[in-house]
Amino acid sequence: MSETPRRTQVAIIGGGPAGLLLALILNRAGVDCVVLERRSREYVLSRIRAGVLEQGTTDLLRLAGVGARMDREGLIHDGFDIAWRGEVLHIDLRELSGGKTVMVYGQTEVTHDLYDALDAAGVPVIHEAEDATPEAIESDTPSVSFRTRSGGEQRIECDFIAGCDGYHGVCRQTIPKDRIETFEREYPFGWLGVLVRKPPIQEELVYAHHARGFALCSLRSPQLSRYYIQCRNGDDVKNWTDEAFFDELQTRLPDSIAANLQRGPSIEKSIAPLRSFVAEPMRYGRLFLAGDAAHIVPPTGAKGLNLAVSDIHYLSRGLVAHYQERDSGLLDRYSEDALARVWKAERFSWWFTSMIHRFEDDGGFGQRIQEAEFDFLASSRAAQTALAENYVGLPF
Ligand code: RFL
Ligand code: PHB
């Protein structure tokens, strides 16, 4: 571990994709920064999360110099399937979006690549930093105090603090309640996910609606599959043997697709709750929030990581202009610019979630609306174009 500096230009709290990418872009632009991460590197790299990257995300990763392995190992996807009670609708992303695609490359791999690049550049990433606390964020001389694993109290003075510490982080909580507004929607179900070392059911992703609930077939590589099924809120992974999981997944898929399912022992199994959440504004004084610290989307549509990356595009642009050109205009517009894109992704993720899950309490009306939604999508190129445009990612 590098020695902890006493002063830096930007102190970054949180070493997930948002914090690590910000650190790398700032370092490349000659801006000094330090990353404080509560967990160990091994822990961060063991989390299985996102898998689908928008083109804007892959472009920014390449620009930051972390595109080489992604371009070698990542899988370009031109489209995906929506399965609806036996029918399969193919969404041709490339054709509908004027040539755009998405890349299947795991968040774990992105994080790995970012750590390697930060190590090579000598950017300090301090792991197991406990009780990180932003201080004096309304002043021109903010700082962050924290404790190292050995128990030593540390304090880093800085010009700005980037709160990249995820939904459960500390940064958003330090903003006075009357200076931040939050908007939230919880969904009455979660996703039970399984990672299995077997070839995927098919090359492209399948989002499936079924009377028993939603299912998603995804992948990480030609040998590694990622599957999800909608489960009840409060459900426990202990209630699901691998066999029960695969039985349920198979039931929810059309026979033509289910026939290719290769079962295997799960190497990871977890439940994620589904939530939509936005905090406004994404700045208070010299503290800037980015990524999951400021907003959450339900995973349907794969927008979470991609939104974290677009926030970093806006934030790094503002910080670099502040230091290189002594112009704070872009930094002052950060929250406004980022939120305009965030809300569109919130809308899309909410819409896709609402149309394709089973809502137990919705009654007949809700189900008929879902059926009409699917019929309309299947018969309207305009509707498919809107879906494709959002799925490949709106421009930064
Ligand atoms: P992260 O990744 O949560 O990183 C925050 C980091 O901050 C640390 N931390 C602290 N550090 C210091 N002091 C503190 N007090 C701290 N408190 C927390 C944490 O340990 C952590 O390392 O947030 P970030 O960087 O904003 O990145 C966001 C993404 O991780 C997230 O949006 C995505 O994973 C969401 N997501 C998906 N996004 C996509 O774009 N495509 C997908 O296909 C996709 N699939 C998913 C997903 C999320 C899922 N789960 C588990 C919720 C699938 C799932 C199942
Ligand atoms: C994943 O592979 O984890 C994944 C893919 C697509 C989604 C959500 C998650 O919409």
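Which residues are the closest to ligand 2? The model is predicted, and in it 14 residues surround ligand 2, with Tyr207, Ser218, Arg220, Tyr228 and Pro299 as the closest.

**Ligand 2**

Some of these residues make polar contacts with the ligand. A polar atom in the side chain of Tyr207 sits 2.7 Å from an oxygen atom of ligand 2. For Ser218, the distance between a side-chain N or O atom and an oxygen atom of ligand 2 is 2.6 Å. Tyr228 also places a polar side-chain atom 2.6 Å from an oxygen atom of ligand 2. On its own, ligand 2 would expose 280 Å², and the protein buries 96% of that area.

The shell around ligand 2 consists of 8 nonpolar, 4 polar and 2 charged residues. Strand E15, which covers residues 215-221, gives the most to this shell, namely 3 residues. Why does ligand 2 lie between domain 1 and domain 2? Domain 1 (6-77 + 102-183 + 275-351) and domain 2 (187-274 + 360-392) both give residues to the shell, so ligand 2 lies between them.

**Ligand 1**

Ligand 1 is surrounded by 31 residues, and the closest of them are Glu37, Arg47, Gln107, Asp292 and Leu305. Of these, Arg47 has a polar side-chain atom 2.7 Å from an oxygen atom of ligand 1. Backbone atoms take part as well: an N or O atom in the backbone of Pro17 lies 3.3 Å from an oxygen atom of ligand 1, and a backbone N or O atom of Asn306 lies 3.1 Å from an oxygen atom of this ligand. Ligand 1 has 1100 Å² of accessible area on its own, and the protein covers 88% of it.

Helix H1 (17-28) and helix H9 (304-325) each supply at least two residues of the shell around ligand 1. The largest share, 4 residues, comes from H9. By class, this shell has 13 nonpolar, 10 polar and 8 charged residues.

| Residue | Atom in the residue | Ligand atom | Distance |
|---|---|---|---|
| Tyr207 | polar side-chain atom | oxygen of ligand 2 | 2.7 Å |
| Ser218 | side-chain N or O | oxygen of ligand 2 | 2.6 Å |
| Tyr228 | polar side-chain atom | oxygen of ligand 2 | 2.6 Å |
| Pro17 | backbone N or O | oxygen of ligand 1 | 3.3 Å |
| Arg47 | polar side-chain atom | oxygen of ligand 1 | 2.7 Å |
| Asn306 | backbone N or O | oxygen of ligand 1 | 3.1 Å |

**The second largest pocket**

The second largest pocket has a volume of about 360 Å³. How many residues line the second largest pocket? The lining has 16 residues, and those nearest the centre are Arg212, Gln230, Cys231, Arg232 and Glu360. Sorted by class, the lining holds 8 charged, 5 nonpolar and 3 polar residues.

Three elements each supply at least two lining residues: strand E13 (181-196), strand E16 (224-232) and helix H7 (242-252). E16 gives the most, with 3 residues.

**Two backbone details**

The peptide bond that runs from Glu280 to Pro281 is cis, and its omega is near -10°. Pro281 belongs to the loop between strand E17 (266-280) and strand E18 (283-284).

Where does Glu128 lie? Glu128 is found in the loop that runs between strand E8 (125-126) and strand E9 (130-135). The phi angle of Glu128 is near 55°, which is a positive value in a residue other than glycine.

Definitions and conventions:
Residues numbered from 1 in each chain as written. Chains lettered and ligands numbered in written order. Predicted model: local features only at pLDDT ≥ 70, side-chain atom pairs only at ≥ 80, totals over all residues. Heavy atoms only, no water. Near = heavy atom within 4 Å. Polar contact = N/O pair within 3.5 Å; in protein donor to acceptor, adjacent residues only side chain to side chain. Areas by Shrake-Rupley, 256 points an atom, 1.4 Å probe, with all protein chains shown as cover. Nonpolar A, V, L, I, M, F, W, Y, C, P; charged D, E, K, R; others polar. Domains from an automatic or database assignment. 1 Å grid on protein atoms, 1.4 Å probe; cavity = no way out; pocket = protein on both sides within 12 Å on 5 of 7 lines; lining within 4 Å. Points joined across faces, edges and corners; volume = space filled by probe spheres on them.
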